[in-house]
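Morning, everyone. Please have the display open.

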Amino acid sequence: MSASQGRTTTAVKLVLLGEAAVGKSSLVLRFVNNDFEENKEPTIGAAFLTQKCTIGERTIKFEIWDTAGQERFASLAPMYYRNAQAALVVYDITKPASFIKARHWVKELREQATKGIVIALCGNKYDLTVNDEAEEDSGEVSETSKRKVSVNEGQTLAEEEGLMFFETSAKTAYNVNEVFLAIGKKIPEASQNGGANPSRGESQANGRIDLSAPVSSEDSNACAC
Amino acid sequence: MSYVTEPRRPSMVDRRPSMAERRPSMANGRKPSVIPQLAGIEKPISPQTPETCDVLICGTGLVESILAAALAWQGSNVLHVDSNPYYGDTCATLTIDQLKDWVHSVNQHTPGFQGFSKALLYIPRPQDLVSRDYGIDLTPRVVFARSDLMSLLTKSRVHMYLEFQSLSNFHTFENDSFGKLQTSKEDIFTDQSLSLATKRHLMKFLKFIFEYDSLDNLALVESYKDKSIQDFLQDRFKLDGPQINELVYSLGLSASPDISIPEGLSRIRRYLVSFNVLGQFPVLFSKYGGPGEVSQGFCRSAAVAGSTYKLNCALQSFDPKTKLAKFSDGTSAHVTEKVVCSPSQAPPHASYVPEMKYEITRLITVVKKSCREWMAENETAAIVVFPTASLSTNNKYPVQVLIMGAGTGTCPVNQCVWYLSTIQKGEVARKDLEAALLKLEDSILRESEDGFDVSLDPEDIIVKPDGATVINSVKLGKSFKDFVPKEKLQYLFKLCFTQHTAVPPFGVVSSSLFDTSAEKPTTDGSGVIPDSTVIYSNMPSTEISYDGVVTEAKLLYEKIVGSDDDFFDVDFENEDEDNDTLTDVAAGDEDAIIDDDEEEHSKAFKDEMDFDL
């Protein structure tokens, strides 16, 4: 019924977490606005942002939920985590406090989210450190560097918690698509059952009613499929 | 209605620009009719506690959450707080642990829990319950497929945050047995418990319902003005007790026998016009919890439009002179326009909480049975109604029961949540609920027991048009009386409590409840009264559907903005998703659905009814 006929489309609910101003929204906007794949225009609803990408034979439709500011006073609703299959935990590599907060969000995800959620840890604002040549050689954080969280620290946290790890720059688009592609690859193929929003054709199979498609009066057997 | 709308204050007419208008691309003065796709995400988030807001809303119950979203999209700067660590307030969906705390707070008369009383909790084996596996609604509700909330959910796109499931089995307890409601032509035809004459009378009545607006019929109803709906149905349509009960209490979901004929008829009609709107079922419910889940959806919508959210934050006082609201966490906010507060979250020493003279008694229990026997195929919930005088207690008011199985996402597999409620008061109410509970227990044990034999003749098995077989329930009912169960039903959890409200049964909230025009003293001997200019919303009504919720939110909105003309007057940009034709239906003319379609739908129904028996 859609353009991508023959391919399976997996809807994946992805939630964003991270301290304010680490660049959560910028990362997503970079990803969504990049005119990725054949999709002509990014679709960003007021409800959540969506972006499709194709990985091999599969099409993944990301439904990206921004915190909408509700994390500010620790007031995220359970609805936010529900059925999330992927999460992006973002920190700012120039702000140590944001890295501490990232640990907190990982813990929160372990408590609140579905088991088996795919989590990617993103050290954002990589662009601010690319001029620090010294760091590229040593891997150490020099005192003059804007970088305050080393690659090692990020990697260690990721290893401890079993997360994917990337350093990204929403500004230069460095590693941005890579993060989402990596997440997409890790999403098991059969995971859409009970997942975020099954694409509409199959929606009624698991009892979910599509509110945006009223049945006409004539079509009296519509719900019996 | 005696209420006169205040003239719009000039300051309200020239309000600050809405979300859409604040966009730079809108600066050319074009009237924004469309909410841009990037709305919400563009807004830079200030890390500071807001020191100023236009409207402060206390309590994240459903009405308050709809109000917050409506105001936020209209352009108001909303600060929305809740004294609890969770969303939903008086209609929250809670885990077992949260419920334990809730019961404690109610019984301690903790501020923030006004409106509830006498909570009794019974958990026989606490170690068997994993708290987070449960989502128990304080105020469970179902939504009619054709209703104002359903339209609002689609229009506001809040439905995208939610999952809805259908509910089509409405059972009426009669003669010690559950009769499944017959509402379709096929059902009525195949029901062997109905005589041909009864079938004809039922058909005649259903036809009448769809022509209710004709002058003849209005005159007919008028001539019965002083009679009850029960008399009307009996007199005019020759219907018997069981059919009348089904129509009034199951289709109509009336919580009281004292109901006017027009009100009763409109409630029956509500069911019938909802049938076949989204499928062959009249009502839906949201997965993972009812109003608690829906309020989270509206709160998120409000947040996307820029509202600030703060849980664990209780209003302490609002000083009408300085316009300063103080909170339990030591922060404060300057409120430029209005403060709206749920009665449950009234500040300490409040003086103006509306009197709540109506009661709803609820009994919520989790049983170790799937209760699939009561549900339609592929569904996970059902409704059971005990009409008046159908219980051993000779109940004066009906007992309404919402059955929620594991598929609703609110309890583990092979368990089921039963929500019983009545508008009866005090101890009598609790006895009625216990009596109903016993009947439910007997019934589910009988229906689910393996090897339970009823001698059935071939004609007792009815094959429905869809191929499903149904056993003649009258026969089962007879055997039911002699049935002695081999097992006991295991109750894992039982909670009973009383809820108070100012909204009368069947009452749609009247605007007089929000009347703030009268001058109230703002101080007394001991100092400033903390709530003299606070607008109180209401505790949830007894209504088991969501009807009335949107009306109340609109009344409050009007109170704040001056008119409800632009209540959710937003048009989200079409998503235009990969030419998916199904989704194109979404952003169509939701506004028009209710009026235009209803007529068409009624006609289709009438056509369908045009046949001879």
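Start with chain B. Among its contacts between residues at least 6 apart in sequence, 76% join residues at least 24 apart; two residues are in contact if their C-beta atoms, placed from the backbone, lie within 7 Å. Before going on: this is a predicted model, where local features need pLDDT of at least 70, side-chain atom pairs count only at pLDDT 80 or more, and totals for chains, interfaces and linings use all residues. Residues are numbered from 1 along each chain as its sequence is written, with chains lettered from A and ligands numbered from 1 in the order in which they are written.

Chain B has 16 helices and 24 strands. Helices (H or I, at least four residues) and strands (E, at least two) are DSSP runs, numbered from the N terminus. Of the 613 residues of chain B, 46% count as buried. Buried is 20 or more other C-beta atoms within 10 Å of the residue's own, exposed is 12 or fewer, and partly exposed is in between, with C-beta atoms placed from the backbone.

Now chain A. Six helices and eight strands make it up, in the order β-α-β-β-β-α-β-α-β-α-α-β-α-β from the N terminus. Of its 225 residues, 48% are buried. The corresponding contact figure for chain A, for pairs at least 6 apart, is 69% joining residues at least 24 apart.

On confidence: pLDDT is the predictor's confidence in each residue, from 0 to 100. Chain A has a mean of 77, and 72% of its residues reach 70 or more. Residues 217-225 of chain A are below 50, and that stretch has 15 contacts in the model beyond near neighbours in sequence.

Next, the core. A nonpolar core is a set of buried Ala, Val, Leu, Ile, Met, Phe, Trp, Tyr and Cys residues joined through C-beta atoms within 7 Å. The largest one has 201 residues, and those with the most contacts inside it include Ala87(A) and Leu67(B). Helix 2 of chain B, residues 62-74, gives the largest share of this core, 10 residues. Ala87(A), leaving out residues up to four places away in sequence, touches Leu14(A), Leu109(A) and Ile119(A), among others.

Is Lys125(A) buried or exposed? It counts as buried, because it has 24 C-beta neighbours inside 10 Å. Lys125(A) sits in the loop between strand 6 (118-124) and helix 4 (133-138) of chain A. Its contacts beyond four places in sequence are Gly23(A), Asp92(A), Ile93(A), Thr94(A) and Ser169(A). Ile93(A) is 32 residues away along the chain, with a C-alpha separation of 6.4 Å from Lys125(A).

Two helices of chain A also pack together. The axes of helix 1 (residues 24-33) and helix 6 (residues 176-186) of chain A come within 9 Å and cross at roughly 85°. That makes helix 1 of chain A roughly perpendicular to helix 6 of chain A, the class for 65 to 115 degrees; under 35 is roughly parallel, over 145 roughly antiparallel, and the rest oblique. Axes are lines fitted to C-alpha atoms, for helices over the stretch in contact, with angles from 0 to 180 degrees between N-to-C directions. Leu27(A), Arg30(A) and Phe31(A) of helix 1 meet Val176(A), Asn177(A) and Phe180(A) of helix 6.
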